[in-house]
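Hi everyone, thanks for coming. Have a look at the sequence and the structure on the screen, and then I'll walk you through a few bits of it.

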Amino acid sequence: MEKKTIDRLVIFGLIWIIGAIVAIFLYKSGPELIQSRYFDKGNVGDRGAIGDAFGGTFGPIIAWFAAILTFMAFYIQYEANKEQRGQFAKQADDTVIERFENRFFELIRIHRENVEEQNIQNVIFGRKTFTTYYFELRYIYFVLEYNYDNSDKNIVLDKEQLSNLAYLIFFYGIGHASEGVFSHIAPKINSTDFFKTTLQRLENEKRTYANFVSDKEKYENQTGYKVLKLKNLEINHKGKNAVFIQHYEPFTGHGTKIGHYYRHLFQTVKYVHSQENELFTNDVKYDYVKMLRAQLSNFEQVILYYNSISVLGKAWITNDYIKDYHLLTNLPLSFADFGIQPEEKFQAEISDDPNFFDWVTLRNSLA
C-alpha cells in the first residue's frame, strides 16, 4: 500500500480515537439525563428515561463512527482500485517495451550475423574485412586525388566530392557494370581526363592481379613450386603513403555485402528513432542506439563515416542520426586521414558538443 494511503488511514484512526474520548467525556460529564439518580426511582417510566438518554446521546456518536468506518472502507477500496489500475498500466507499458526489445535485439542479432557473413573472395572473413575495406578505400582515394591534383582541373572538386567518388569506386568496383553507374551518377566527372586516368590505372592493377593468379596456378601445377605474392600497391601523395596488400583481386566492388550491412544498420537506428510512445524519450532512444553503437569496431565506424558523406549514405546525416545518436563518437580521427576530415565535416556539431568525438578529448592526454 502506498505511503499516502497509510498516512490517511492513520489520520482516520486519530479521528476515531478523538471521537471515543468525546463519547467517554459525554458519558462521565454529560447532562443529568444520564446520571445514576434515575436508578433510585421506583417509577418504571423514570427509569425508561435512562434508555432515552443513552439512545439520544450515543446514537449520533455511533452513527458518526459508522459513517467514518464506511468512508474508510470505501476509501481503501478506491485506493486498491487505483493501485490495480496502475498495475494494469504498468503491465501495458511493460508489454510495449517487451515487444520493442524483442525486435530490437533481433535486429542486433542480425547485425552480428551480417558482420560474420562479410567475405572478400573467400580470402578474408568477418570483422577483419572492414580493416581491408579501409585500406582499399584509402588507396583508391589517393590515386584519385593524385590524378586530380595533376590534371588541368576542368572541373573543380573539393575533398568531400573526391571522397564521394572514391567511395563509389570502392562500392561498385571497376568493370562494365560500374561504367553505367558513374555515367549516371556523375556524368560530367565521368568524362574528365583525371577520372578516366584513375579508372584506367585501377583497371590495369586489377588485370595484373588476375593475370598473376592465372599464371601462378599454371606455373605451380607444372613445377610444384610455390610462387610468392604480388608486390603491394602503393602510392605517395602530399606526404602520405597509401598501401594496399593484394590478398585478393582488387577493385571488384563490395556493394553486395557492405551495402546490405549498412542498409540494415540504418534501418535498426531508424526503428529506434521512429518509436512514438511516450515511454521512449530521447534519452531512452539514445541508450538503445548506444547499445547498437557498441557493436561497431573502429574500422566499421571509419567506413560508416565515408558511407555517410557519399550519395549512397547521405541519409545518415540528413536524418541527423549521426548527430543525435553520436554514431561516430568512437571514430579514431587519425584513421580518417583522407578526403574531408571528420572534424571539418562535423565542425558545427563539435562546436555545440565538444565531446562529439571521444578522440578529441584524448588529444594531448599524455602530454
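So, does H3 pass H10 in a left-handed or a right-handed crossing? Take a moment with the picture. The crossing of H3 past H10 is left-handed.

Before going further, please keep in mind that this is a predicted model. The chain has 367 residues, and buried ones make up 39% of them. You can pick out 15 helices and four strands. If you take contacts between residues at least 6 apart in sequence, 70% join residues at least 24 apart.

Okay, back to our two helices. H3 covers residues 128–149 and H10 covers residues 298–308. In general, we describe two packed helices by the angle between their axes and by the distance between those axes. Here, the angle is about 40° and the axes are 8 Å apart. H3 and H10 are therefore oblique to each other.

Who makes the contact? From H3 we have Phe130, Thr131, Tyr133, Tyr134 and Leu137, and from H10 we have Phe299, Glu300, Val302, Ile303 and Tyr306. Sort those residues by class and you get eight nonpolar, one polar and one charged.

How many of H10's 11 residues are buried? It's 10, and H10 is mostly covered. The buried residues of H10 include Phe299, Glu300, Gln301 and Tyr306.

Now let's look at the other neighbour of H3 I wanted to show you, helix H4, residues 159–172. Those two pack at an angle of about 125°, with their axes 9 Å apart. That makes H3 oblique to H4. The handedness here is right-handed, with H3 passing H4 that way.

On the H3 side, the contact residues include Tyr133, Leu137, Ile140 and Tyr148, and on the H4 side they include Lys159, Leu162, Ala166 and Phe170. By class, this contact has 12 nonpolar, one polar and three charged residues.

Next up, rings. How many aromatic pairs does a search of the whole structure find? The search finds 38.

Let me show you two. In the pair of phenylalanine 142 and phenylalanine 338, the ring centres are 6.4 Å apart and the planes sit at 55°, so the pair is tilted. This pair links distant parts of the chain, 196 residues apart: phenylalanine 142 is in helix H3, while phenylalanine 338 is in the loop between helix H12 (321–325) and helix H13 (342–345). Both phenylalanine 142 and phenylalanine 338 are buried.

The other pair is phenylalanine 266 with tryptophan 316, which is edge-to-face, at 5.1 Å centre to centre and 85° between the planes. Again, distant parts of the chain are linked: phenylalanine 266 belongs to helix H8 (residues 255–273), tryptophan 316 belongs to helix H11 (residues 315–318), and they are 50 residues apart.

One last thing to find on the screen. Ring pairs link a set of residues into a cluster, among them Tyr134, Phe142, Phe299, Tyr306, Phe338 and Phe357. Okay, that's me done, thanks!

Conventions. Residues numbered from 1 in each chain as written. Predicted model: local features only at pLDDT ≥ 70, side-chain atom pairs only at ≥ 80, totals over all residues. Heavy atoms only, no water. Axes fitted to C-alpha atoms, helices over the stretch in contact; angles between N-to-C directions. Parallel < 35°, antiparallel > 145°, perpendicular 65-115°, else oblique. Left-handed = near helix turned anticlockwise from the far one by under 90°. Contact = heavy atoms within 4.5 Å. Nonpolar A, V, L, I, M, F, W, Y, C, P; charged D, E, K, R; others polar. Phe/Tyr/Trp six-rings, centres within 6.5 Å; stacked < 30°, edge-to-face > 60°. Buried < 20%, exposed > 50% of the residue type's maximum accessible area, 1.4 Å probe, protein only.
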